[in-house]
Amino acid sequence: TGRQIAAARSLLGMRQSELAKAASISVPTLKRMEGADGEAPGYRNNIEAVRRALEAAGVEFIDQNGHGPGVRLTSPVMVQRSLLEDDHRHRICARLY
């Protein structure tokens, strides 16, 4: 759902621009997806690209099982390491330019 996408991105500490880039979609498209109360609107390939990007970053989507859909981190250590590596890469790039 749109709310799951927003929650997953928030758990990872990602900006909308970062997720949009990782999924190769525009920020306005991502905003429309996240703003939906129910199923995320948009082309199926874009929705799947966002899901794949979030899963690759360490999020697991939980299907509705009587308690409602949700998200959780697959491995907090992996996600934290990934975020630190990204921060380190950004600092290196900033020094190069």
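## Overall layout

Read along the sequence, the protein chain of this predicted model follows the pattern α-α-α-α-β-β-α, and there are five helices and two strands in the chain. Helices (H or I, at least four residues) and strands (E, at least two) are DSSP runs, numbered from the N terminus. Local features of the model need pLDDT of at least 70, side-chain atom pairs count only at pLDDT 80 or more, and totals for chains, interfaces and linings use all residues. Residues are numbered from 1 along each chain as its sequence is written, while side-chain values use heavy atoms, with hydrogens and water left out.

Of the 97 residues in the protein chain, buried residues make up 31%, where buried means under 20% relative accessible area, exposed over 50% and partly exposed in between (1.4 Å probe, protein chains only). Among contacts (heavy atoms within 4.5 Å) in the protein chain between residues at least 6 apart in sequence, 50% join residues at least 24 apart.

## Helix 1 and its buried face

Helix 1 covers residues 2-12, and its buried residues are Gly2, Gln4, Ile5, Ala8, Arg9 and Leu12. Seen down the axis of helix 1, these buried residues fall within an arc of 165°, so they line one face of the helix; the arc is that of the directions from the helix axis to the C-beta atoms. After helix 1 comes Gly13, with a positive phi near 70°.

Gln4, which has its place in helix 1, is buried with a relative accessible area of 9%. Leaving aside residues up to four places away in sequence, Gln4 touches Phe61, Ile62, Pro69, Gly70 and Val71.

## How the helices pack

Two packed helices are described by the angle between their axes and the distance between the axes. Here axes are lines fitted to C-alpha atoms, for helices over the stretch in contact, and angles run from 0 to 180 degrees between N-to-C directions.

Helix 1 and helix 3 pack at an angle of about 115°, their axes being 7 Å apart, which makes helix 1 roughly perpendicular to helix 3 (angles under 35 degrees count as roughly parallel, over 145 as roughly antiparallel, 65 to 115 as roughly perpendicular and the rest as oblique). Gly2, Arg3, Ile5, Ala6 and Arg9 of helix 1 make this contact with Leu30, Met33 and Glu34 of helix 3.

Helix 2 (residues 16-23) meets helix 3 (residues 27-34) at an angle of about 105°, with the axes 9 Å apart, and helix 2 is thus roughly perpendicular to helix 3. Gln16, Ser17, Leu19 and Ala20 of helix 2 form the contact with Val27, Leu30, Lys31 and Glu34 of helix 3. Helix 2 also packs with helix 4, at an angle of about 110° and with the axes 8 Å apart, through Leu19, Ala22 and Ala23 of helix 2 and Ala49, Val50, Ala53 and Leu54 of helix 4.

## The largest nonpolar core

A nonpolar core is a set of buried Ala, Val, Leu, Ile, Met, Phe, Trp, Tyr and Cys residues joined through side-chain atoms within 4.5 Å. The largest such core has 20 residues, of which Ile5, Leu19, Val50 and Leu54 touch the most other members. Two or more residues of this core come from each of helix 1, helix 2, helix 3, helix 4 (44-56) and strand 1 (59-62), and helix 4 gives the largest share, five residues.

Leu54 touches Ile5, Ala8, Arg9, Leu12, Met14, Leu19, Val59 and Phe61, again not counting residues up to four places away in sequence.
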